[in-house]
Each structure stands twice: as structure tokens, then as C-alpha cells.
Amino acid sequence: PANPDWMPNEVTPDVVLVPGVAFDAAGHRLGHGRGYYDRLLAGAPSTFKIGLAFQFQIVEHVPHGESDVDMDLIVTELGIVGGRRMTSSTDGKGKA
């Protein structure tokens with residue numbers, strides 16, 4: 001069925017895994033420029049956002065604007081490298 005009674009009309013996920021072109025340690029993400037993930041995540045502020053990347057995608061600074069949604073954590077094949085949750089309790093660069 002298209003809309004069964006047991007299924008809610010709106011679902012807010014607890015966690016979203018977010019791809020990107022580049023990330024910085026502050027949790028800023030560079031996507032493909034169409035804003036799909038930013039619009040989706042702006043409507044779910046309590047959702048925990050995890051950026052997924054390879055280490056070579058971590059850069060010093062990612063330009064960001066007011067409508068860009070920051071990642072709570074950024075995870076690479078080498079481990080956790082940054083995000084809002086890291087910088088809020090560390091030196092501001094994603095390092096404890």
C-alpha cells in the first residue's frame with residue numbers, strides 16, 4: 001500500500017551518512033553544489049550527521065554559507081577526523 005496506517009507520514013532519522021567531495025575538520029562539507037543534502041538535513045536538526053570520506057578528501061578549509069549544514073562527525077578509513085562534535089570539545093581543529 002502507498003500509505004499504510006502503521007507507517008508515519010514523516011520520518012526523522014536518528015543518523016544520516018552523508019557523502020561529499022571535501023570536508024574540513026570543523027565539519028563543513030563541499031557537495032556537488034545542488035544543496036540536496038543541505039535541504040534534507042535542514043528539516044531534521046536533531047539528526048546526527050556523519051560525513052563519510054577518504055582521508056584525501058579532508059582539506060584545510062571548505063567554503064560554506066548560511067544554508068550549508070555542518071557534519072557532527074567526519075569519518076575516513078583512518079578514523080574520526082573532525083566535525084562539530086569534535087571541535088566543540090577540542091581545540092577547534094578537530095584534535096583533542
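**A walk around D72 and its surroundings**

Leaving aside neighbours within four places in sequence, D72 is in contact with T47, F48, K49, G82, G83, R84, R85 and M86; contact here means heavy atoms within 4.5 Å. Before we go on, keep in mind that this is a predicted model, where local features need pLDDT of at least 70, side-chain atom pairs count only at pLDDT 80 or more, and totals for chains, interfaces and linings use all residues. Residues are numbered from 1 along each chain as its sequence is written, and side-chain values use heavy atoms, with hydrogens and water left out.

So where does D72 sit? D72 is in the loop between strand 4 and strand 5. Helices (H or I, at least four residues) and strands (E, at least two) are DSSP runs, numbered from the N terminus. D72 counts as buried, at 0% relative accessibility. The labels work like this: buried is under 20% relative accessible area, exposed is over 50%, and partly exposed is in between (1.4 Å probe, protein chains only).

Now for the charges. Side chains of opposite charge can pair when their charged atoms come close. A salt bridge is a side-chain nitrogen of Lys or Arg within 4 Å of a carboxyl oxygen of Asp or Glu, and a search of the whole structure finds 2 of them. One joins the side chains of D72 and K49, at 3.6 Å from N to O. D72 lies in the loop between strand 4 (48–52) and strand 5, while K49 lies in strand 4, so this pair ties together parts that are 23 residues apart in sequence. Both D72 and K49 are buried.

D72 also forms a salt bridge with R84, and here the closest N and O atoms are 2.6 Å apart. R84 is in helix 2 (residues 84–87) and D72 is in the loop between strand 4 and strand 5, so the pair ties together parts that are 12 residues apart in sequence. R84 is partly exposed, with a relative accessible area of 34%. Put together, K49, D72 and R84 are linked in a network of salt bridges.

The side chain of D72 reaches the backbone nitrogen of K49 as well, at 2.8 Å. With the side chain of R84, the side chain of D72 makes a polar contact (2.6 Å). A polar contact is a pair of N or O atoms within 3.5 Å; within protein, one must be able to donate a hydrogen and the other to accept it, and residues adjacent in sequence count only if both atoms are side-chain atoms.

Is T76 buried or exposed? T76 is buried, with a relative accessible area of 7%. Not counting residues up to four places away in sequence, T76 touches A53, F54, Q55, I58 and V81. A polar atom of the T76 side chain lies 3.0 Å from the backbone nitrogen of L78. L78 itself is in the loop between strand 5 (73–76) and strand 6 (79–82), and L78 is exposed, with a relative accessible area of 66%. The C-alpha atoms of L78 and Q55 are separated by 6.9 Å, although these residues are 23 apart along the chain.

Next, the rings. A pair of aromatic rings is described by the distance of the centres and the angle of the planes. Rings of Phe, Tyr and Trp (its six-membered ring) pair if their centres lie within 6.5 Å; planes under 30 degrees apart count as stacked, over 60 as edge-to-face and the rest as tilted. The structure holds 1 aromatic pair. F54 and F56 form it, and they are stacked: 5.9 Å centre to centre, with 5° between the planes. F56 is exposed, with a relative accessible area of 67%.

Over in strand 1 (residues 15–18) we find L17. L17 and G51 are 34 residues apart in sequence, yet 6.0 Å apart in space, C-alpha to C-alpha. L17 touches Y37, I50 and L52, not counting residues up to four places away in sequence.

Finally, step back to the whole chain. There are 2 helices and 6 strands, and along the sequence they follow the pattern β-β-β-α-β-β-β-α. Of the 96 residues, 34% count as buried. Among contacts with a separation of 6 or more, 55% come from residues 24 or more positions apart.
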